[in-house]
Amino acid sequence: MARQEPGEPYWRINVDEAKSMLEDGESIVIDVRQPDEWLSGRVQGAIHIPVDDILMRIDELPDDKNLLFICAAGARSGLACEMAAAMDLPTDRLYNIEDGTPVWIEKNYPIELG
């Protein structure tokens, strides 16, 4: 179940919750890993915006969906959530997939390569 730590402007979820949210069609995954990580495997349909580019590319984020940020282990995606909140994106739409892409892949959830 999505949870929020005191002071955090986003919700924390796991890959199972993320998969469920994607299936309802109201969410999109934003992969904030580096290009080499992205090419090695990613959530199917994810948008790639490395964490270092989030502030410059904030306008590329859909304004009609929940934004599910993912990295390898939850640290960079949490930072991306913080940046999105700082750019005045609605905090009720910001989610950090804490367990990251490797767990998504281990669970055999839909991925893309290359």
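This predicted model holds one aromatic pair. Its partners are Trp-104 and Tyr-109, with ring centres 5.0 Å apart. The ring planes stand at 75°, so the pair is edge-to-face. That label needs an angle over 60 degrees. A pair of aromatic rings is described by two things: the distance of the centres and the angle of the planes.

Are the two partners buried or exposed? Trp-104 is buried, at 2% relative accessible area. Tyr-109 also counts as buried, at 18%. The cut-off for buried is under 20%.

Tyr-109 has a further neighbour. The charged end of Lys-19 sits over the ring of Tyr-109, 5.1 Å from the ring centre. Elsewhere, Arg-42 lies over the face of Trp-38. Here the distance to the ring centre is 4.2 Å.

| Charged residue | Ring | Distance to ring centre |
|---|---|---|
| Lys-19 | Tyr-109 | 5.1 Å |
| Arg-42 | Trp-38 | 4.2 Å |

Next comes the surface. Which residues form a nonpolar patch there? They are Ile-105, Ile-111 and Leu-113. Together they have about 250 Å² of accessible area. Ile-111 belongs to strand S7, residues 111-112. Its relative accessible area is 33%, so Ile-111 is partly exposed. Partly exposed residues fall between the buried limit, under 20%, and the exposed limit, over 50%.

Last, look at Glu-8. It is in the segment before strand S1, which covers residues 11-13. Glu-8 counts as buried, because its relative accessibility is 14%. What does its side chain contact? The side chain of Glu-8 makes a polar contact with the side chain of Arg-12, at 2.5 Å.

Terms used
Residues numbered from 1 in each chain as written. Predicted model: local features only at pLDDT ≥ 70, side-chain atom pairs only at ≥ 80, totals over all residues. Heavy atoms only, no water. Helix = DSSP H or I, 4+ residues; strand = E, 2+ residues; numbered from the N terminus. Buried < 20%, exposed > 50% of the residue type's maximum accessible area, 1.4 Å probe, protein only. Polar contact = N/O pair within 3.5 Å; in protein donor to acceptor, adjacent residues only side chain to side chain. Patch = residues over 30% accessible without salt bridge, like charges linked within 9 Å, V, L, I, M, F, W, Y side chains within 5 Å. Areas by Shrake-Rupley, 256 points an atom, 1.4 Å probe, with all protein chains shown as cover. Salt bridge = Lys/Arg side-chain N within 4 Å of Asp/Glu carboxyl O. Phe/Tyr/Trp six-rings, centres within 6.5 Å; stacked < 30°, edge-to-face > 60°. Lys NZ or Arg CZ within 6 Å of the ring centre and 35° of its normal.
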